[in-house]
Amino acid sequence: MKYMRGLLIAALLGAGATCMAQPPIQKAERGVVQRLSVVSPELQDTIPVDVWLPQNYDVTRKYPVLYMHDGQNLYDAETTWNHQSWEMDRACDSLVSAGAMQPVIVVGIHSDPAKRVGQLMPQKAVERADINKMLEEVKMKGEPIKGDAYAAFVVNTLKPTIDSKYQTLTDREHTAVMGSSMGGLMSLYLICEYPEVFGGAGCLSTHWYGSLPIENEFGGAMIEYVKDKLPDPTTHRIYFDHGTSTIDAYYGPWETRALLEAQNRGYIYGKNLDSYIDYGASHTESAWSARVDRPLRFLFPPLK
């Protein structure tokens, strides 16, 4: 049990472990990363945001936009807490060069390890369950849950900022959100809470709390939330995946339930729903980097 608690705390608190006061500047091997400091009235904080622009970024055309959580881990392994990154610059550039996806702008929202759990928590789902014991387990007791404030920041402050500074396609069809672990939960939450803003969600190693041997009801509450709130399948696309080692080994049953609810809602595999089991993969940026091409191709297929 102590081992499992350690895995859980590492997954929830470790994934964003980097200093918010002076976050390292990430460098892209392909394309360019630009740092923004965005004042958030919703969170009462200033949030570092690393925006990746594709190679040959052209100010005469407009681009789809992908918003991602834990933005400090996206482009440059030399600056991350565990020396791993998603390598989003290489992944996107390789797929675009191969004609497998549209060129996109990637917006990486930094997380603060001291606030990450509360800010990425799907707040309305939490309100359905008693998770006091869960909060104690991750040493978050007394920290306010600000999932709704974080979501509002992304939609009401960050997106208008990005749309004003860059050549973006601002409509739902060309706007998606993606993340892993808690970021997978928040990506699903954002597409459910703001279906008019986000047309696609990539949820990697989604952290279904109820899948762990801890006395809480969050997993079931999250599934009930999904059942009630999934957006219209005729206008939205959702991708799920998980590995089978470390903490990812516990996600399968809950993800299966979420996929069944999506199909009951009218989502169809290969059209607006996709999933993948990465056998042997662990709960790490290296694992997500190795399969991120799947959600990228699914969310931003090449134009016909």
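Predicted model: local features only at pLDDT ≥ 70, side-chain atom pairs only at ≥ 80, totals over all residues.
Residues are numbered from 1 along each chain as its sequence is written. Local features need pLDDT of at least 70, side-chain atom pairs count only at pLDDT 80 or more, and totals for chains, interfaces and linings use all residues, while side-chain values use heavy atoms, with hydrogens and water left out.

Figure 1. Helices (H or I, at least four residues) and strands (E, at least two) are DSSP runs, numbered from the N terminus. Of the 304 residues, 58% count as buried, where buried means under 20% relative accessible area, exposed over 50% and partly exposed in between (1.4 Å probe, protein chains only). Among contacts with a separation of 6 or more, 77% join residues 24 or more positions apart; contact means heavy atoms within 4.5 Å.

**Figure 2. Helix 6 crossing helix 7.** Two packed helices are described by the angle between their axes and the distance between the axes. Here the axes of helix 6 (residues 147-165) and helix 7 (residues 182-193) come within 11 Å and cross at roughly 65 degrees. Helix 6 is therefore roughly perpendicular to helix 7, a word used for angles of 65 to 115 degrees. On the helix 6 side, look for Gly147, Asp148, Tyr150, Ala151 and Val155; helix 7 brings Met186, Tyr189 and Leu190 to the contact. By class, the contact has six nonpolar, one polar and one charged residues.

**Figure 3. His83, with a positive phi.** Most residues other than glycine have a negative phi. His83 has a phi near 60 degrees, and sits in the loop between strand 3 (65-68) and helix 2 (88-97). Its relative accessibility is 59%, so His83 counts as exposed.

Figure 4. You will find Ser205 in the loop between strand 6 (200-204) and helix 8 (218-229). Because its relative accessibility is 0%, Ser205 counts as buried.

**Figure 5. Arg237 and its contacts.** Arg237 belongs to strand 7 (residues 237-243) and counts as partly exposed because its relative accessibility is 25%. Leaving aside neighbours within four places in sequence, Arg237 is in contact with Ile191, Gly199, Gly200, Ala201, Lys271, Asn272, Phe298 and Leu299. For Gly270, 33 residues from Arg237 along the chain, the C-alpha atoms of the pair are separated by 9.9 Å.

Methods:
Axes fitted to C-alpha atoms, helices over the stretch in contact; angles between N-to-C directions. Parallel < 35°, antiparallel > 145°, perpendicular 65-115°, else oblique. Left-handed = near helix turned anticlockwise from the far one by under 90°. Nonpolar A, V, L, I, M, F, W, Y, C, P; charged D, E, K, R; others polar.
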